[in-house]
Amino acid sequence: MQTSIGKKRIHTIIFQMLIWLTAAAFLFPIAWMLSTALKLPEDIFTAKPQLLPESFQWSNFINAWNAQPFGRFLLNTLIVVGVSTPLAMLSATMVAFGFARINFWGRNSLFLLVIGTMVIPWDVTAIPLYIEYNKLGLINTLWPMILPGAFGSAFFIFLARQFIMGIPKDLDEAAEIDGCNRWQIYQRIILPLCRPIVVVIGVFHFVWCWNEFLTPLIFINDQSMYTLPLGINLFKNAFNIEYEKLMAISCLSVLFPATLFYFTQNLILGGISLSGVKK
């Protein structure tokens, strides 16, 4: 009996050690980023790297923020995520509702076609998109970052469809008996029950828009329309990289996504786990 208890304790200790080592591996880059943001430029590259700076340079954050119009960059980013994220949640759930609840000819083939678009590299569509946005007069605006969310993402549609298929169809039939049409069933029955997966879609899309670099780099030339990733890149030039300022703004830029994930992590885990269950 004591031997089995001892083995369980050893297994528990080993498991906890693996958890701590894994957590340290993921947290170390963030700790190094914060450490670099608090150092003097001459202390960043030394013969003996130090995680803790000799003197904490909190002024690096203020200097970095004032070096470029980051207030404008932050506003542009908030506009993009604030408009695009609700559109992504609505479009993905609406399309998923059609695939999960409406029977029509070629439904499964069309769903496979939608899923197949996930294997198409974004680079293949970049030039056609640029030509299209240019003809519509949307270059140097925020619309090229907003519009893709309005037409649904194959990955989000897949997650939402799997989640909706786990909702009993008896609820739809009961709503139809009460006189509800398709839109009312989606709005009053399905959408409220899809809150976990809607949160997952919202958080994932928020983080994607917040960190997106290549799309604004291609479609935006006017610095006043830059988003945060492009603004951070201004600390890099052909001759010098201001690492302390770059890391200081990077620390500030991760606060929004990290805070959002912290308050929604339970819904995210629940939504992802339930999206693989269908009736």
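1. About 60 Å³ of space lies in the largest cavity. A cavity is a set of points, on a 1 Å grid over the protein atoms alone, where a 1.4 Å probe fits but cannot get out; grid points are joined across faces, edges and corners, and a volume is the space filled by probe spheres set on the points. The structure holds one cavity of 30 Å³ or more.

2. This is a predicted model, in which local features need pLDDT of at least 70 and side-chain atom pairs count only at pLDDT 80 or more, while totals for chains, interfaces and linings use all residues. Residues are numbered from 1 along each chain as its sequence is written, and side-chain values use heavy atoms, with hydrogens and water left out.

3. The lining of the largest cavity is formed by Val 80, Met 145, Trp 208, Cys 209, Glu 212, Thr 215, Pro 216 and Thr 227; lining residues have an atom within 4 Å of a point. By class, the lining has five nonpolar, two polar and one charged residues. Here Ala, Val, Leu, Ile, Met, Phe, Trp, Tyr, Cys and Pro count as nonpolar, Asp, Glu, Lys and Arg as charged, and the others, Gly among them, as polar.

4. The largest pocket has a volume of about 940 Å³, a pocket being an open set of points with protein on both sides within 12 Å along at least five of seven lines. Its lining has 30 residues, with Trp 122, Pro 148, Gly 152, Ser 153 and Trp 208 nearest its centre. Two or more lining residues come from each of helix H4 (70-101), helix H6 (122-135), helix H7 (143-150), helix H8 (154-165), helix H11 (195-211) and helix H12 (214-219). The lining divides into 20 nonpolar, eight polar and two charged residues.

5. The second largest pocket has a volume of about 280 Å³. Among the residues that line it are Val 207, Trp 210, Leu 228, Ile 232 and Phe 261. H11, helix H13 (228-233), helix H14 (243-253) and helix H15 (255-274) each give two or more residues to this lining, which comprises nine nonpolar, three polar and no charged residues.

6. The largest nonpolar core has 27 residues, and Phe 70 and Leu 142 have the most contacts inside it. Such a core is a set of buried Ala, Val, Leu, Ile, Met, Phe, Trp, Tyr and Cys residues joined through side-chain atoms within 4.5 Å; buried means under 20% relative accessible area, exposed over 50%, and partly exposed in between (1.4 Å probe, protein chains only). H4 provides the largest share of this core, five residues. Beyond residues up to four places away in sequence, Phe 70 touches Ala 64, Trp 65, Leu 228, Gly 231, Ile 232, Phe 235 and Ile 249 (contact: heavy atoms within 4.5 Å). A second, separate core of 26 residues includes Phe 111, Ala 175, Ile 185 and Ile 197.

7. The whole structure has zero disulfides, a disulfide being a pair of cysteine sulfur atoms within 2.5 Å. Cys 194 counts as buried because its relative accessibility is 2%.

8. Gly 137 lies in the loop between H6 and H7 and counts as exposed, at 53% relative accessibility.

Note on methods:
Helix = DSSP H or I, 4+ residues; strand = E, 2+ residues; numbered from the N terminus.
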